[in-house]
Amino acid sequence: HIRRLFVEALHENRSLMSWFINKIRKLFAIESWCKEQGLKGVERANVRVNRSSFIMQEIENKFNFYINNGSFHKLGKMTQAALKYIKNEWKAMKNVLRFGDAELSNNLCEQMMRHIKINLKNSQNIGSEDAAGNFCFMYSLVESCSFNTLSPMRYISHLLKTLPTLETLAERRNLLPCYCQL
């Protein structure tokens, strides 16, 4: 989303917006290289710290300069919106330097949620808020299974058999789709 706002503001301030877009492109190029190398977790975090942190610091310095500059109000509305948005999201964005498994883009999550949006019209007649909550829970569970390449039916069956026998929170946590090995 950060990049999109800079693209939308290109017509207001081509040189400044292009600068941000090019820096973000470099971050994605590093991510692409990490994926090509099959890097995950700590390895990917190390590459990000070594190769992306300098670029991210440049981006942070630049948007802070423009936001704190006395002429910020003279920038176009879309340019201001892009700079405000990146400032508000920057703390979350910097998490990619700490967590190698965090994705630089949220496109995968949005693609997964597309099914919910498509199903929204069909779900308008669920009946009650409780039923809607249950529907959301089950939908989330099925999508989590799919994301983690688990059969939803097999996982739910395993969950119902195993859950009553577990005593600790750690044992229950290991039943989450992201940790469960079936």
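Which residues does W90 touch, not counting residues up to four places away in sequence? They are M56, I59, E60 and F63, where contact means heavy atoms within 4.5 Å. This is a predicted model, in which local features need pLDDT of at least 70, side-chain atom pairs count only at pLDDT 80 or more, and totals for chains, interfaces and linings use all residues. Residues are numbered from 1 along each chain as its sequence is written, and side-chain values use heavy atoms, leaving out hydrogens and water.

**Helix α4**
- Helix α4 runs over residues 77–93 and has 17 residues. Helices are DSSP runs (H or I, at least four residues), numbered from the N terminus.
- From first C-alpha to last, α4 reaches 23 Å, close to the 24 Å expected at 1.5 Å a residue. The expected span is 1.5 Å times one less than the number of residues.
- α4 bends by about 35° at K87. The bend is the angle between axes fitted to the seven residues ending there and the seven starting there.
- Its buried residues are T79, Q80, A82, L83, I86, W90 and M93. Buried means under 20% relative accessible area (1.4 Å probe, protein chains only).
- The cover over these buried residues includes α1 (2–8), α2 (14–37), α3 (41–68) and α5 (95–98).

**W90**
- W90 lies in helix α4.
- W90 counts as buried because its relative accessibility is 4%.
- W90 and I156 are 66 residues apart along the chain, and their C-alpha atoms are separated by 38 Å.

**α2 against α4**
- α2 and α4 pack at an angle of about 25°, with their axes 12 Å apart. Axes are lines fitted to C-alpha atoms, for helices over the stretch in contact, and angles run from 0 to 180 degrees between N-to-C directions.
- The two helices, α2 and α4, are therefore roughly parallel, a term for angles under 35 degrees.
- L16, M17, F20 and L27 of α2 meet T79, A82, L83 and M93 of α4 in this contact.

**α3 against α4**
- α3 and α4 pack at about 140°, and their axes are 10 Å apart.
- On the α3 side, the contact is made by M56, I59, E60, F63, N64, Y66 and I67. On the α4 side, L83, K84, I86, K87, W90 and M93 take part.

**L27**
- L27 sits in helix α2. With a relative accessible area of 2%, L27 is buried.
- Leaving aside neighbours within four places in sequence, L27 is in contact with S52, I55, M56, I59, M93 and L104.

Key:
Buried < 20%, exposed > 50% of the residue type's maximum accessible area, 1.4 Å probe, protein only. Parallel < 35°, antiparallel > 145°, perpendicular 65-115°, else oblique.
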